[in-house]
Amino acid sequence: MARSIKKGFYVDPSLMDKVAATQKAGSRKPIQTWSRRSTITPDFVGVNLSVHNGKVFVPVYVTENMVGHKLGEFAPTRTFKAHTTPTKKSV
């Protein structure tokens, strides 16, 4: 279920503070975050983030197309191992 429009979207307060400080300073250094549930706002555009996927930090550069999505969508937690090709069984 989506969050109500009345409440607005959720952004971790400490992450928002770090993004504001980075943009004020004009820094390109990535911001490490564990907050996968935070929604990307227009303030995040042009910021380098490192989102934790449970094992490593995945680098994410925020663009305009990402606004409204969650950070966790861009740091997959599972790796897909390709299906094996079927082999002919010897008789």
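Colleague: With which side chain does the side chain of E73 make a polar contact?

Modeller: A polar contact is a pair of N or O atoms within 3.5 Å; within protein, one must be able to donate a hydrogen and the other to accept it, and residues adjacent in sequence count only if both atoms are side-chain atoms. Here the partner of E73 is the side chain of H69, at 3.0 Å. Please note that this is a predicted model, in which local features need pLDDT of at least 70 and side-chain atom pairs count only at pLDDT 80 or more, while totals for chains, interfaces and linings use all residues. Residues are numbered from 1 along each chain as its sequence is written, and side-chain values use heavy atoms, with hydrogens and water left out.

Colleague: Where is the place of E73?

Modeller: Helices (H or I, at least four residues) and strands (E, at least two) are DSSP runs, numbered from the N terminus. E73 belongs to the segment after β3. The C-alpha atoms of E73 and V51 are separated by 9.9 Å, although these residues stand 22 places apart along the chain.

Colleague: Why is E73 called partly exposed?

Modeller: The class follows from the relative accessible area: buried means under 20%, exposed over 50%, and partly exposed in between (1.4 Å probe, protein chains only). E73 has a value of 49% and is therefore partly exposed. P42, by comparison, counts as exposed because its relative accessibility is 57%. P42 lies in the loop between β1 and β2, and its C-alpha atom is separated by 7.2 Å from that of E64, 22 residues away along the chain.

Colleague: In what order do the three strands form the open sheet?

Modeller: Strands of a sheet pair through backbone hydrogen bonds, either parallel or antiparallel. Two strands count as paired if DSSP finds at least two bridges between them. The order here is β1-β2-β3, with mixed pairing. β1 (31–33) and β3 are the edge strands, each pairing on one side only. Neighbouring strands are turned by 30° against each other on average, direction ignored. β1 and β2 pair in the parallel sense over three bridges, with Q32 opposite S50 in β2. β2 and β3 are antiparallel over five bridges; L49 faces V60 of β3 across this pairing. The helix α1 packs on the sheet and touches β1 and β2, its direction making about 175° with that of β1 (axes are lines fitted to C-alpha atoms, for helices over the stretch in contact, and angles run from 0 to 180 degrees between N-to-C directions).

Colleague: Which residues of the largest nonpolar core touch the most other members?

Modeller: A nonpolar core is a set of buried Ala, Val, Leu, Ile, Met, Phe, Trp, Tyr and Cys residues joined through side-chain atoms within 4.5 Å. Of its 15 residues, these are L15, F44 and L49. At least two residues of this core come from each of α1 (13–25), β2 (48–52) and β3 (57–61). Beyond four places in sequence, L49 touches several residues, including L15, I31, F44 and V58 (contact means heavy atoms within 4.5 Å).

Colleague: How many aromatic pairs does the structure hold?

Modeller: A pair of aromatic rings is described by the distance of the centres and the angle of the planes. Rings of Phe, Tyr and Trp (its six-membered ring) pair if their centres lie within 6.5 Å; planes under 30 degrees apart count as stacked, over 60 as edge-to-face and the rest as tilted. There is one such pair. The centres of the W34 and F57 rings are 5.0 Å apart and the planes stand at 80°, so the pair is edge-to-face. Since W34 is in the loop between β1 and β2 and F57 in β3, the pair ties together parts 23 residues apart in sequence.

Colleague: With which residues is H52 in contact, leaving aside its neighbours within four places in sequence?

Modeller: These are T33, W34, R36 and F57. H52 belongs to strand β2 and stands opposite F57 in β3. A polar atom of the H52 side chain lies 3.1 Å from the backbone nitrogen of G54. In the hairpin of β2 and β3, which has four residues between the strands, G54 takes a positive phi near 105°.
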